[in-house]
Amino acid sequence: MTVAAPPLTKLPNYIDGRWTESSATDWLDVTNPATGELIAKVPLSDAAEAAGAVEAAAAAYPEWRRTPPEDRIQPLFKLKQLLEDHIDEAGRIITQENGKTFAEAKGELRRTIENVEVACGIPMMMQGYNLEDVARGIDETMIRQPLGVVAAITPFNFPGMVPFWFLPYAIACGNVFILKPSERVPLTMRFIFELLEQTGLPKGVVNLVNGGKAVVDALLDHPKVRAISFVGSTPVAKYVYARAGANGKRAQCQGGAKNHVIVLPDADMQMATQIISDSAFGCAGQRCLAVSVAVTVGEAQKTFRDSIADAASKLRVGNGLDEGVQMGPVITPQSKLRIESLIGVGEKQGAKVLLDGRNSRISKYESGNFVKPTILDNLPATSELADTEIFGPVLSLIHADGLDEALVFLERSPYGNQASLFTSSGAAARRFRYEAPAGNIGINIGVAAPMAYFPFSGWKDSFFGVLHGQGRDAIEFYTEKKVVIERWAKDHSRKF
Ligand code: NAD
């Protein structure tokens, strides 16, 4: 597909219902990872601009929270239709700034839309509960009320979907919302906020502030911000969780991952190979649910090693907008360098490079950040790399004698985002589901990404907080409970 690069834009912020040019002195280049082309300039807005967004949101809050839930979801119904109508345009923007293939970008947008659909159920989902006669003539009711100003800080790898784990639920529950998207992929939200503008949402209900750490810190410290949702790497997730907590805010912080798949000898090897190849190399491995370590058990070692190396070597790597391309570039030249150097580390720590994607050149795209699929065979299970998030198209193979030993590798991992098992044994599957120490479990599934009506779970260093994004958890996160005890009957009794 030939698509003209969008005209170079200095990206504005969206505050109080207006697109405003940032007064930032620092601007970053946004580049297309497949071509190296400069496609936009993004401002590193300062604390004052973030505070302006908080004040605009706070001013919109009293009227918005009084708007009936049925009316609050009407803009979301419009947004769903606008996203459906513009899915190709939004998908192309995602591919241009993130690098994933057009099909992957559209897949991401399907989950974005699904979150809007689920949030349209707020009039049912936000309901509380009550009980008459908790004592004679006394009734008790639990109601859910919105928090006020809430904010989300999101990563580069899902420019459309991740902000929508939060935005639709937050506003449908009656909150007002500020988004700080990743400064590496700010164009998708610029486009989606233009669609949001057409839905009739009152000014100040949703705000977009481009930037980096200064904006994050300003949101974390602002007394009017009640809740923070964060998705990104583990060190930043920990930092955001600690600082939000110290400032008395509610926080849900999703961090990095190192996901294991266990392949048992009784697995359907052809299906397992195809699915694990998609999981490890799809989105160039830049998915928090990408399989990164495959633990083969018993005889699966040889069959799986041969079949995965064959499947991975056949993947067509290139510009995600070109027909037939199955894997795009990684996000930045720095990321490419880091991934290539970690492949070298794996080699030094004892692995054999079975398939080497370093120093890849893609014709017509010499300036792209391409790393081809890479397989590290026999990575020692106790090596440092076995616990390091690479976030690129690199799959490590580890061998175990049985399911017991394989589960020990998972237990030892600092992360717990996802664990998968490939088998045809119900007993093994049940044991795995029961014991695997991760929040998202796949049985014969490579990317166990929960639908929007389930929470996006995550354990250990992959998540800090209690309530997750999406589904019912999102409603719990974005509301606080109030319990009302009422007596209207005339009689008064001390007997309970
Ligand atoms: P990142 O941590 O570099 O950035 C995430 C966000 O935090 C961005 O908006 C960025 O501007 C901001 N940020 C970065 N450094 C900061 C700092 N020092 N102080 C305050 N804010 C800061 O993450 P990334 O590279 O954009 O995304 C990739 C990471 O996200 C991977 O580790 C991946 O596993 C993780 N991720 C996790 C999930 C999940 O559900 N657990 C989902 C998607 C991505």
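I began with the naming of elements: helices (H or I, at least four residues) and strands (E, at least two) are DSSP runs, numbered from the N terminus. I note that this is a predicted model, where local features need pLDDT of at least 70, side-chain atom pairs count only at pLDDT 80 or more, and totals for chains, interfaces and linings use all residues. Residues are numbered from 1 along each chain as its sequence is written, and side-chain values use heavy atoms, with hydrogens and water left out.

**Entry 1: a strand residue**

I looked up I375 and found it in strand 16, which spans residues 374–377. Is I375 buried or exposed? I375 is buried, because its relative accessible area is 0%; buried means under 20%, exposed over 50%, and partly exposed in between, with a 1.4 Å probe and protein chains only. For contacts I used heavy atoms within 4.5 Å. Neighbours within four places in sequence aside, the contacts of I375 include F281, I308, A312, V353, L355 and L397. I also checked I375 against S341: they are 34 residues apart in sequence, and their C-alpha atoms are 14 Å apart.

**Entry 2: two loop asparagines**

Next I followed the loops on either side of strand 16. N359 sits in the loop between strand 15 (352–355) and strand 16, and N378 sits in the loop between strand 16 and strand 17 (394–400). I read a phi near 55° for N359, a positive value in a residue other than glycine. For N378, phi is near 60°, again positive in a residue other than glycine. N359 is exposed, as its relative accessible area is 64%, while N378 at 40% is partly exposed.

I found D217 in helix 9 (residues 213–221). D217 counts as buried because its relative accessible area is 14%. What does D217 touch, not counting residues up to four places away in sequence? I found Y239 and R243.

H222 lies in the loop between helix 9 and strand 11 (225–231). It is buried too, with a relative accessible area of 13%. Leaving out neighbours within four places in sequence, I saw H222 in contact with A51, V54, E55 and K249. H222 and G446 are 224 residues apart in sequence and 40 Å apart in space, C-alpha to C-alpha.

**Entry 3: cysteines**

How many disulfides are there? I counted zero, taking a disulfide as a pair of cysteine sulfur atoms within 2.5 Å. The closest cysteine sulfur to that of C253 belongs to C288, and at 14 Å it is too far for a bond. C288 is in no disulfide either, since its nearest cysteine sulfur, that of C283, is 10 Å away. C253 counts as buried at 0% relative accessibility, and C288 counts as buried at 16%.

**Entry 4: the whole protein**

The C-alpha atoms fill a box of roughly 80 × 60 × 40 Å along the principal axes. Buried residues make up 58% of the 496. Among contacts between residues at least 6 apart in sequence, 73% join residues at least 24 apart.
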